[in-house]
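Please look through the sequence and the structure shown here before reading on.

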Amino acid sequence: MAALRRQVVLVSGPPGAGKTTLAVPLAGRLGFPLLRKDQIKETLFDALPGPSGDMAYSRRIGSAAMELLWTLAAECPQVVLEANFRPRSELERDRIRSLNARLVEVYCRCPAEVAARRYRERAAAGSRHPAHARAHLSAGEMAEFDRPFDLGPVVQVDTIRPVDLESLIEKVRTTFNTN
């Protein structure tokens, strides 16, 4: 089997755990492109406007955003992917495997109640893009994201407090160099 050359950093964790806050500087410092599901979803919504607050439309646009994320990721020799990935989803697990990449997962660990509060506060602040129809998630919905995919090396970060970005970058680089 040929050596895997593609490098993928998967930034995962529950909604409100701080994935985007971490993924943006991480991708920048690694020099990898960043594909964020929410950014893709918001761009699609702006180009193909639908009714604000319409859950069915939000889900359709979200599904299209994930398809685009996977398609673009397959073309990138190095990439950081950030989304609310569902570790129990065989479809998503298969999509990650199909990238045929050396994978490092950065799992943003955050107590469910803190992540849910952050999510609600973001919606209440009015700064949330209209593509996102939900203002809160139930405990059961948050539980979908309670663990990493664990399809390769995992670096868990506690996002309750500021993350030591330098240390994280070193861990990711070291992991790529040793696997």
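## A charged pair in helix 5

Glu121 and Arg117 lie four residues apart in helix 5, which spans residues 112-124, and about one helical turn therefore separates them. In this predicted model, the side chains of Glu121 and Arg117 meet in a salt bridge, with a distance of 3.4 Å from N to O. Glu121 is partly exposed, its relative accessible area being 43%, and Arg117 is likewise partly exposed, with a value of 36%.

## Other salt bridges

The structure as a whole holds nine salt bridges. One of them joins the side chains of Arg97 and Asp94, where the distance from N to O is 3.0 Å. Arg97 and Asp94 are three residues apart in helix 4, which covers residues 90-98, so that about one helical turn lies between them. The relative accessible area of Arg97 is 44%, which makes this residue partly exposed, and Asp94, at 42% relative accessibility, also counts as partly exposed.

Another salt bridge is formed by the side chains of Asp158 and Arg161, which meet at 2.5 Å from N to O.

## Helix 2 against helix 3

The crossing of helix 2 and helix 3 is right-handed.

On the side of helix 2, the residues that take part in the contact are Lys37, Ile40, Lys41, Leu44 and Phe45. These meet a set of residues in helix 3 that includes Tyr57, Ser58, Ile61, Gly62, Met66 and Leu69. Taken by type, the residues of the contact of helix 2 with helix 3 divide into ten nonpolar, two polar and two charged.

## Two prolines in loops

Pro77 has its place in the loop between helix 3 and strand 3, the strand being formed by residues 78-82. Is Pro77 buried or exposed? With a relative accessibility of 58%, Pro77 counts as exposed, because this value is over 50%. Pro77 and Arg6 are 71 residues apart along the chain, and their C-alpha atoms are separated by 4.6 Å. When the neighbours within four places in sequence are left aside, Pro77 is in contact with Arg5, Arg6 and Gln7.

Pro111 lies in the loop that runs between strand 4, formed by residues 102-109, and helix 5. Its relative accessible area is 34%, and Pro111 is accordingly classed as partly exposed. The C-alpha atoms of Pro111 and Asp146 are separated by 9.1 Å, while the two residues are 35 residues apart along the chain.

Key:
Residues are numbered from 1 along each chain as its sequence is written. This is a predicted model: local features need pLDDT of at least 70, side-chain atom pairs count only at pLDDT 80 or more; totals for chains, interfaces and linings use all residues. Side-chain values use heavy atoms; hydrogens and water are left out. A salt bridge is a side-chain nitrogen of Lys or Arg within 4 Å of a carboxyl oxygen of Asp or Glu. Buried means under 20% relative accessible area, exposed over 50%, partly exposed in between (1.4 Å probe, protein chains only). A crossing is left-handed if the near helix is turned anticlockwise from the far one by less than a right angle, and right-handed if clockwise. Contact means heavy atoms within 4.5 Å. Ala, Val, Leu, Ile, Met, Phe, Trp, Tyr, Cys and Pro count as nonpolar, Asp, Glu, Lys and Arg as charged, and the others, Gly among them, as polar.
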